[in-house]
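Work through the exercises below with the sequence and the coordinates at hand. Each task is followed by a solution in steps.

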Amino acid sequence: GRQSCKDSDDIGDGGEKYDIYGDEEGTSKILHHFNKYFGFDERCTVAVMGLHGISKMRPENSGHGNGPYSATWVRDASYRMTNDYFKGFEYPWTYEERDNEDYDYPIPKFGEQSQWYNGAYDENRLVLLNVDIAMKWNYEEYVDDKGRIYCKVSDEANHHGGKDPRNVPECPRAYQ
């Protein structure tokens, strides 16, 4: 844990509470958050986001995952920092609204969650959150009144919200 926070214990727990960005945030909000709270520029923010590649998302903790299974941001997650998270942006990603009502989690029930997937439903499926996608694609102008994203990041995706991907606008790049 971070030990430089005032009033934290010897392993970094405690201290000031900071608002954390949500998993639905777009490019400008993520960059603003990391700049405001940590003084990070765009390059540092992107590097920190790469830490997603060393962990798993567990559906019982967030409602995000791979059916009832945990999902990873990278293939063969090894809990070591590599550039596999960034290489993954080249995969064909499909946007989905994940309905969690079919899963019986021991603790809180989650409603619909937005996420992007690569691959079939199996125990090795890769998933990115909107906050991850925002590192490469700026979808902020393509969000409907329910918070659903209606632009695509790949022509190779299997489907996109039930629409033919050829008829869905392409998300613009987050950087030039």
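**Exercise 1.** Find how many salt bridges there are, and describe each pair.

Step 1. A salt bridge here is a side-chain nitrogen of Lys or Arg within 4 Å of a carboxyl oxygen of Asp or Glu. By this rule the count is two. The model is predicted: local features need pLDDT of at least 70, side-chain atom pairs count only at pLDDT 80 or more, and totals for chains, interfaces and linings use all residues. Residues are numbered from 1 along each chain as its sequence is written, and side-chain values use heavy atoms, with hydrogens and water left out.

Step 2. Helices (H or I, at least four residues) and strands (E, at least two) are DSSP runs, numbered from the N terminus.

Step 3. Buried means under 20% relative accessible area, exposed over 50%, and partly exposed in between (1.4 Å probe, protein chains only). Lys136 counts as buried because its relative accessibility is 5%, whereas Glu90, at 59%, counts as exposed.

Step 4. Arg148 and Glu97 form a salt bridge with closest N and O atoms 4.0 Å apart. This pair also links distant parts of the chain, with Arg148 in the segment after H5 and Glu97 in strand S3, 51 residues apart. Arg148 is partly exposed at 28%, and Glu97 is partly exposed at 24%.

**Exercise 2.** Describe the surroundings of strand S3 and state which strand pairs with S3.

Step 1. Strand S3 covers residues 94–98, and four of its five residues are buried.

Step 2. S3 pairs with strand S4 (residues 113–118) in the antiparallel sense, over five bridges; two strands pair if DSSP finds at least two bridges between them. The bridge partner of Glu96 in S4 is Gln115.

**Exercise 3.** Locate the disulfide and give its geometry.

Step 1. With a disulfide taken as a pair of cysteine sulfur atoms within 2.5 Å, the structure holds one. Cys151 and Cys171 form this disulfide, with sulfur atoms 1.9 Å apart.

Step 2. The torsion about the S-S bond of Cys151 and Cys171 is about 85°, so the disulfide is right-handed. Both cysteines lie in the segment after H5, so the pair ties together parts 20 residues apart in sequence.

Step 3. Cys151 is buried at 0% relative accessibility, and Cys171 is buried at 2%. Cys44, at 37%, counts as partly exposed.
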